[in-house]
Amino acid sequence: MIKLIKSIPFHVKSAGKSVIRHLALTISSSSAVMVTLLLMSLFLLIAGNIGAFTKNIEKGLGILAEIDDSVSEQADLDALQQEIEALPHVEAVSFSSKDEQLDRFISNQDKSAQSLYEAYRGEGNPLHAAFDVSVDDGKNLETVQKALEKMEGRIVKADFGGTTTSDLVDGLSTVRIAGGALTLVLSCLAIFLISNTIKTTIYSRSHEIAIMRNVGATNGFIKMPFMIEGMIIGLIGAVIPMLITFFGYRYLYGVTGGKVLSSAMFTLQPIYPFVLQVCGLLLLAGIVVGLVGSFLAVTKYLRWKR
């Protein structure tokens, strides 16, 4: 271990010389890394923002719990609200009066029909006061709804949209999982590309490797400069994607004002720390895939040449 640590400066120097000496191969390898990391960056940005979109949409999903008209005293309303807030998975509860429910109903109608419903204001309002109930996760909507429906005599009806909303929640979860899977696939693709490009470098230096073996160099000693070289290639390949990601996302955020389709549900992830996190992942991915790719390539070559 001590010998290995002492030999690291030598291997770093050797890897640096090799990168410069085989500049054409270095550029070819780092270009392959760059293209792959650009694709990975695109999917990371998309996946990160889709995740934010789906969370915002899920936050917009809630349960409308209509209150029985017999519960009219403020003390009774407060007690019922506290009881609902104490239910598992309930995040927030807000009261909406009968007039506010009518306003909401009218605003959702065509302009030509809105005036017809104005006649129901006051004593003729047929709607119930209600609690708007937000849950911690869209998957828990049905669970909370069933708990509310058990409050017979106080809650007339609890509605969250039924199977359509459940299907939407499941679809949003699938989108998040698919985004993560695509990122993983691209990482594997990057390792494959780097492994193949490093192979080219190894084959061009097969004579050099043969000499090192003839003078008694161990496999670990032979592998080390190639692994460091792979890390350098990965680092070089990550620089341009990082710059494009940072300045490109900052430009996009400025142009759109941080929102897609001018909707609060489709708010982009803030530049800081999101874009810095993506750039950090790209840097780490470049170094790791360079290391893993070169390790796999040189290990396979040394085993084949044994």
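Student: In which helix is the place of T245?

Tutor: In this predicted model, T245 has its place in helix α9, which spans residues 219-256.

Student: Why is T245 called buried?

Tutor: Its relative accessible area is 2%. Buried means under 20%, so T245, at 2%, counts as buried.

Student: Why does S30 count as buried?

Tutor: S30 lies in helix α2, residues 23-60. The relative accessibility of S30 is 8%, and the cut-off for buried is under 20%; S30 therefore counts as buried.

Student: What does the side chain of S30 reach, and which residues does S30 touch?

Tutor: The side chain of S30 reaches the backbone oxygen of I27 at 3.1 Å. Leaving aside residues up to four places away in sequence, S30 touches I233, I236 and G237.

Student: How do you know that the buried residues of α4 line one face of the helix?

Tutor: In helix α4, residues 98-107, the residues Q101, L102 and I106 are buried. Viewed down the axis of α4, the buried residues fall within an arc of 135 degrees, so they line one face.

Student: How do the axes of α8 and α9 cross?

Tutor: The axes of helix α8, residues 206-214, and helix α9 come within 10 Å and cross at roughly 145 degrees. The crossing of α8 past α9 is right-handed. On the α8 side the contact is made by I209, M212 and R213, and on the α9 side by N219, F221, I222 and F226.

Student: What classes of residue make the contact of α8 with α9?

Tutor: Five residues are nonpolar, one is polar and one is charged. Arg counts as charged, so R213 of α8 belongs to that class.

Student: How many helices and strands does the chain have, and what share of its residues is buried?

Tutor: The chain has 10 helices and four strands. Of its 306 residues, 37% are buried.

Student: What share of the contacts with a separation of 6 or more joins residues 24 or more positions apart?

Tutor: Such residues account for 82% of those contacts in the chain.

Note on methods. Residues numbered from 1 in each chain as written. Predicted model: local features only at pLDDT ≥ 70, side-chain atom pairs only at ≥ 80, totals over all residues. Heavy atoms only, no water. Helix = DSSP H or I, 4+ residues; strand = E, 2+ residues; numbered from the N terminus. Buried < 20%, exposed > 50% of the residue type's maximum accessible area, 1.4 Å probe, protein only. Polar contact = N/O pair within 3.5 Å; in protein donor to acceptor, adjacent residues only side chain to side chain. Contact = heavy atoms within 4.5 Å. Axes fitted to C-alpha atoms, helices over the stretch in contact; angles between N-to-C directions. Left-handed = near helix turned anticlockwise from the far one by under 90°. Arc of directions from axis to C-beta.
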